[in-house]
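Please keep the model in view while reading.

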Amino acid sequence: MSQPSLIHPATGPGSQEAGGRGRRLLELAGAGAIAATYVFLVLTQPADIAGGPASFSALVALGGFLLGAVLLLLAVLPVLPTSTLVLMPVALVLNVVLGQLMGSTGLPFYFDAIGTVLIAVLAGPAAGAATGVLSSVVWSFVNPTVLPFAAGSALIGFLAGLAARGGLFRRFYLAPVAGFVTGILAGVVSAPIAAFVFGGTSGLGTGAIVSAFRAMGDTLLAAITKQALISDPMDKAIVFAIAALLAYTLPRRTTFQFPFVRRFRVLAGKAAATSSS
C-alpha cells in the first residue's frame with residue numbers, strides 16, 4: 001500500500017488544475033526569493049556575512065533563502081509521500097557532514113550535494129532546490145561562509161530534478177554526464193560569490209588552484225571561475241553517480257511511492273506490486 005501524501009488535495013479536474021497553478025506560483029515565488037537574495041549578495045558584497053547570523057547581511061540572506069525554501073516546500077508538499085519527512089533530514093545531514101569533512105582535506109571537491117541530488121531524483125526539481133537551500137542554511141550555523149552559496153545549492157537540486165525528469169537516471173552512465181553539465185552551471189553561479197563576498201575560496205584544495213591561476217596573472221574572478229570550472233563539473237559528476245547508486249539501492253517499493261518517480265519513470269524497472277486496502 002502506498003503512503004499518503006502530506007496534504008490531500010481536493011479531487012476533480014477543476015480543483016486539480018487550480019492546485020497545479022497554485023503550486024507553480026509558489027515555485028516561481030520561491031525561485032524569485034532565492035534569486036533576489038543571490039543578487040543582493042553579489043551587488044552589496046557584504047564582508048560581515050562571515051561573522052555569523054548576527055550581522056545584518058547574514059540575517060537578510062537567512063531570511064531570503066529560508067523564504068524561498070519554504071515556498072518551494074509548500075509547492076511540493078501536496079504531492080510528496082510522508083516518508084519524505086524522514087528522508088529529507090537524512091539528506092541534509094549527509095550534505096553537511098560530507099561537505100564539512102571534504103572542506104578540511106586537500107582535495108578540490110565538495111561532496112556536499114549528494115543528499116540534494118537524491119531528493120531531486122525522488123521528488124523533483126522544486127524539492128531538490130528546497131533541500132539544497134536548507135542544507136546551506138543549516139550548515140551556516142556551523143560554518144557561516146556557506147550561506148551565500150545557497151543559491152548555487154538550489155540550482156544543483158533544480159537541475160538534478162530536471163535531469164531525472166528527462167530520464168537521465170534511467171541509464172546509470174548518463175547520471176555523471178548530467179552532473180558534469182550541472183557542475184559547469186553551478187560553478188559559474190558560485191564564482192561571483194566566492195570572489196566578491198569572500199575574495200577567494202575556503203577549501204584547501206580549491207584555494208590552491210585559485211592561487212595557481214592568480215600566480216599566472218589572472219584576476220581574482222577569472223581565477224575562481226577557472227577553478228570552479230575544473231572542480232565543480234568533476235565533483236558533480238561523482239555526486240550524481242553516488243546519488244544514482246543510492247536511489248537504486250533503496251527498496252523499489254520505497255522509491256515508487258514518490259509520484260515524481262512514477263509519473264516520469266525516473267528509475268529503470270517497474271513498480272513493485274502493492275496491495276490495496
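Helices α7 and α9 pack at an angle of about 145°, and their axes lie 6 Å apart. Helices here are DSSP runs of H or I with at least four residues, while strands are runs of E with at least two, and both are numbered from the N terminus. The axes are lines fitted to C-alpha atoms, for helices over the stretch in contact, and the angles run from 0 to 180 degrees between N-to-C directions. By class, the contact of α7 with α9 has 23 nonpolar, 6 polar and 2 charged residues. In this classification Ala, Val, Leu, Ile, Met, Phe, Trp, Tyr, Cys and Pro count as nonpolar, Asp, Glu, Lys and Arg as charged, and the others, Gly among them, as polar.

The model is predicted: local features need pLDDT of at least 70, side-chain atom pairs count only at pLDDT 80 or more, and totals for chains, interfaces and linings use all residues. Residues are numbered from 1 along each chain as its sequence is written, and side-chain values use heavy atoms, with hydrogens and water left out.

In soluble globular proteins, nonpolar side chains tend to be buried together. A nonpolar core is a set of buried Ala, Val, Leu, Ile, Met, Phe, Trp, Tyr and Cys residues joined through side-chain atoms within 4.5 Å; buried means under 20% relative accessible area, exposed over 50%, and partly exposed in between, with a 1.4 Å probe and protein chains only. The largest such core has 62 residues, and F65, V117, V121, V133, F169 and V266 have the most contacts inside it. A second, separate core of 8 residues includes A194, I209, F213 and I224.

V117 touches I156, A160, F169, V239, F240 and A243, leaving out residues up to four places away in sequence; contact means heavy atoms within 4.5 Å.

The structure also holds 4 aromatic pairs. Rings of Phe, Tyr and Trp (its six-membered ring) pair if their centres lie within 6.5 Å; planes under 30 degrees apart count as stacked, over 60 as edge-to-face and the rest as tilted. F169 and F240 form a stacked pair, 5.9 Å centre to centre with 25° between the planes. This pair links distant parts of the chain, 71 residues apart: F169 is in the loop between α6 (150-165) and α7 (174-197), and F240 is in helix α9 (residues 220-249). Both F169 and F240 are buried.

Finally, G124 lies in the loop between α4 (114-123) and α5 (125-140). G124 counts as buried because its relative accessibility is 2%.
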